[in-house]
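The sequence and structure come first, followed by the contacts and their surroundings.

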Amino acid sequence: MKRIVGVTCWVSLLVFPCILLLGLYLRIGSATGTVVINPLRADAGNYFTYSYNLRYKHTYSREIGDMRDLKSPVHPDSHRSPGYPLFIALFLDGLSFHSFVHRVVIAQAVLSTLTIIMAFLLFKSFLPVLGLLPLPYSSP
């Protein structure tokens, strides 16, 4: 029993932070290294428009309207759920479009890294300690 407690401590204190940092590094690298030629097409364009209108026109709408005129009317709708537009509205602050996209992608990478912590805590509740390590599979 003492050996299992030592292994648990070793995994929790040494291996898990390394896995977490590696996961963050890979996600940030992927987010910053991926080039998307037209990032606001299809659904992404709708989500951006919803967040822009929420932030600057205080209306939940996917109508583009006149983006230079904050008083131009847009009609509210509900074709998309408001969760993601509310999230990306946090990053709209009048900076360049490139800066906006970069900050959203980095925030998504950090949030997805939190899934590593959630998965570790979930699997820790019913797997043995060595089952938490990403060891290569070898057939008998």
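Rings of Phe, Tyr and Trp (its six-membered ring) are taken as a pair if their centres lie within 6.5 Å; planes under 30 degrees apart make the pair stacked, over 60 edge-to-face, and the rest tilted. The model is a predicted one, in which local features need pLDDT of at least 70 and side-chain atom pairs count only at pLDDT 80 or more, while totals for chains, interfaces and linings use all residues. Residues are numbered from 1 along each chain as its sequence is written, and side-chain values use heavy atoms, with hydrogens and water left out.

**Aromatic pairs**

By the ring rule, there are 11 aromatic pairs. One of them is stacked: the ring centres of Phe 16 and Phe 120 are 4.0 Å apart, with the planes at 25 degrees. Phe 16 belongs to helix α1 (residues 2-33) and Phe 120 to helix α4, so this pair ties together parts 104 residues apart in sequence. Helices here are DSSP runs (H or I, at least four residues), numbered from the N terminus.

Phe 48 and Tyr 52 make a tilted pair, at 6.3 Å centre to centre and 35 degrees between the planes. Both lie in helix α2, four residues apart, or about one turn of the helix.

**Salt bridges**

A salt bridge is a side-chain nitrogen of Lys or Arg within 4 Å of a carboxyl oxygen of Asp or Glu. The structure has two of them. In one, Asp 43 joins Arg 80, with the closest N and O atoms 2.6 Å apart. Asp 43 lies in helix α2 (residues 43-57) and Arg 80 in the loop between α2 and α3 (83-89), so the bridge ties together parts 37 residues apart in sequence. Arg 80 also lies over the face of Tyr 47, 5.4 Å from the ring centre; the rule is CZ of Arg or NZ of Lys within 6 Å of the centre and within 35 degrees of the ring normal.

Asp 93 bridges to Arg 103, the closest N and O atoms being 3.2 Å apart. Asp 93 is in the loop between α3 and α4 (97-124) and Arg 103 in helix α4, 10 residues apart.

**Accessibility**

Buried means under 20% relative accessible area, exposed over 50%, and partly exposed in between (1.4 Å probe, protein chains only).

| Residue | Relative accessible area | Class |
|---|---|---|
| Asp 43 | 39% | partly exposed |
| Arg 80 | 23% | partly exposed |
| Asp 93 | 41% | partly exposed |
| Arg 103 | 26% | partly exposed |
| Phe 16 | 14% | buried |
| Phe 120 | 12% | buried |
| Phe 48 | 14% | buried |
| Tyr 52 | 10% | buried |

Technical notes: Helix = DSSP H or I, 4+ residues; strand = E, 2+ residues; numbered from the N terminus.
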